[in-house]
Amino acid sequence: MTDEPPDLGLEKALSDLSWDRVVAAVAARCTGPLRERLDGLPLAATPAEAALALRETAEARRLIALADPLPLDGIREVGRSLDRLERQGVLEGPELRAIASTLGAARVLRRFLARRRAEAPAIRDACLTDPTLDDLQEELTRAIEPDGTLADGASRELGRLRGEVANLRGRIVARLEQLLLQHADIVQDRFHTLREGRYVIPIRTDAHEKLQGIVHGTSGSGATVFVEPRAVVSQGNRLKMAEGELEREVTRILGILGARVRERLPEVRAAVAALDRADLRNASARLAEDLRGVVPELSPEPVLRLTAARHPLLVLDGADVVANDVELRSGHALVLSGPNAGGKTVTLKVLGLAALMARAGLPVAAGEESEVGFFDPVLSDIGDEQSIQKNLSTFSAHVTNLVRVLEAAGPRALVLLDEIATGTDPNEGAALACALIDALCRAGAAVAVTTHYERLKAMALEDQRIENASVGFDVAKMAPTFRLRDGVPGSSSALRVARRFGMPEDVLARALSLLSDESRSFDALVRQLEERFEALDALRAEADAERRAAARAREEAERALREVAARDQKRASAEATDLAQQLSRARGELKEARRLLRRDGARDEESLRAIRAHLERAESVAEEVRAVEAPPAPVHAGAPVDEASLEIGQRVYVPRLRTAVTVVDTPSKGRVRVASGPVKLWVTIAELRRVEGAAEAARPAALEAAAPAAPAAPSAPERARDPDNTLDVRGMRVDDALSMTESFLDRMFGRAESVGYIVHGVGSGALRDAIREHLDAHAAHYVARTRSGTHEEGGDRLTVVYLK
């Protein structure tokens, strides 16, 4: 082992990966004083700590998505003030007011997290503050005004002394105004002022002896003398004494208030730490939004499996970043090759930053399917480490770093090596690189390395622990594509790049002839692999385009089917509504006829004519209803239905209605109540027939014609909660709530809705239990099933009802 500090390797990794810019990005998104003093991010020392930090960030992001982020207003910088109190110092009013404001912010945060404990349990546990600090916060707030001055009510003596000082000043000023009028001929200006804390009036120098008093100074020009008239000297003395008493009282009160805070210093520091933690998690969540990244769940294994990964700093800089998939695990190595400036080093940094950001509880600039494990230590050798002061060449400094990396590498280490073993003889450098990668893999480290060594690329083809990956090169454009390709080594393309930038052809031809046969063969093999992968990519792109076109065609067909079904449903609903209106008119006419029959004197000729007219109109409406031409029935009538076999929810056919209906109530006296859309009516059991071919009838003929060979359309997604399908009975009595529930279900069933939401709250659970028991026992003819709300829907505060 070396004599270097244990964190030297981490410090180099943080420097190589530009970690200070990540810290600055988080600090810029903080709300409180942490924005100015955040100079580092704590890295979790254990997987459990990292997992907790990531959970807290995920919860903060969830709250932002709910448009209810963590409340962090009112936090002030109070660290130095608390340090001074700890050293028995006395704080001024503004400092104590800042502490009061910070404690108020802690109070608001505590109450918010109590209300949002279901959405943010980890943050709530991590940011708990002592509720008894509320008394201290209220005492400080009462005693100190928002501008930092003590309130008059801070003590009785303070109020009395302030009143006395104000009265004395008022009397002095009034007397000075009188003197200014009396001696208008000798005063220089019509005003009074203060000199050395005493009230004075300006008198001309040549006339100052005409006004007896004490001279407290002269003007810069010497033309004015500032005189405290003898008439106010005694009052001025009393004012000075009163101001002294007032100052001593202020100091005494500030000392008492400071002592109050000093007594609770550990709890106050804990509250400040909780606010800083909440601010950090909120800033991390905001960073996730800006990166369009993911807050991953920590994998129990040391693995990095990133989908659509991007360099976070390039994303924040607004660069057009090419997203790549990359995977690395413990005991394995990833050999990155390809042209210079093609993105090999960027990929190393993406891997390193993902590991460190997960340990800091930060989001990763990658897709939702990404998986990140816990890596410690993170070791790197990126960039030129030449040191004149230490008398080290580039290669010597490089080897020194490699020795340190070998000593620190272990099963959870992440090692990032850029251009490994360069700066020396290529053959020896390649051999050293292969030996180093083998040693690191045997140590269990996860290794990512960039190289131009062909021997190292070939080693990846033979060793199952090592995998090649390359950055692409566009021959037509003679430029890197920044697209990472797994499983294939990359050509450095040095001669092609040189040709692109104008290198003479004779020089290039000579260089090609000097290449060894092995190098030319390997380069040709790599180019063939690249061409085949490019062809495969083109075929894959073509297949993807065809798949997308097929998906669009399928969506169009399904949309057409839904439109046809919707038109049929709308037409049927309109006809049913018209039928219901006609029946309602008939019932009204019959009701009026009954009323006339029951009325006294309804036996005279005029009343009989009126009754006869109402009955004729009712009969006319009934004839119109019977004359309505229903669409051809999509089902066929079968055998008569036995009363004993009738069940609620059963589909039966009514010949005179020429349609299938649903049984919604139990039979009674040879009749049963049925429903067809929004219309409910009683029919005799004798006229009911069984439904035959129901499965085929469920599909309208129009749809059969539109898509005779298409498979059955997928079931419609569950309708989201909205005001039309939601009933809120919170605060109601049980009887009222059950009555409202019946009406709601009747309305929903009539509209042929499939799902409804009943919000009843939690409370003691009595209302919730009563509604659910009623749904199970008395609403079976409406309800297919029920369930509690999901976490996103509101949990046990509501019941979701699925209608038949």
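A: A contact here means heavy atoms within 4.5 Å. On that basis, residues 24 or more positions apart account for 67% of the contacts in the chain with a separation of 6 or more. The model is a predicted one, and its chain holds 24 helices and 24 strands. Of its 804 residues, 42% count as buried. The accessible surface of the chain comes to about 42600 Å², and carbon and sulfur atoms hold 52% of that area.

Within this setting, a search of the whole structure finds three cavities of 30 Å³ or more. The largest cavity contains about 60 Å³ of space. Its lining is made up of I172, G197, R198, Y199, E228, V232, G236, L239, K240 and E243. Two or more residues of this lining come from each of β2 (198-204) and α10 (233-263). The greatest contribution is that of α10, which gives four residues.

Between β21 and β22 (residues 755-759) the pairing is parallel and runs over three bridges; L727 has I758 in β22 as its bridge partner.

To return to the cavity in question, its lining includes R198 and Y199 as well as G236, L239, K240 and E243, and α10 remains the element that gives the most to it.

Conventions. Residues are numbered from 1 along each chain as its sequence is written. This is a predicted model: local features need pLDDT of at least 70, side-chain atom pairs count only at pLDDT 80 or more; totals for chains, interfaces and linings use all residues. Side-chain values use heavy atoms; hydrogens and water are left out. Two strands pair if DSSP finds at least two bridges between them. Buried means under 20% relative accessible area, exposed over 50%, partly exposed in between (1.4 Å probe, protein chains only). Accessible areas come from the Shrake-Rupley method with a 1.4 Å probe; for residues, only the protein chains shown count as cover. On a 1 Å grid over the protein atoms alone, a cavity is a set of points where a 1.4 Å probe fits but cannot get out, and a pocket is an open set with protein on both sides within 12 Å along at least five of seven lines; lining residues have an atom within 4 Å of a point. Grid points are joined across faces, edges and corners, and a volume is the space filled by probe spheres set on the points.
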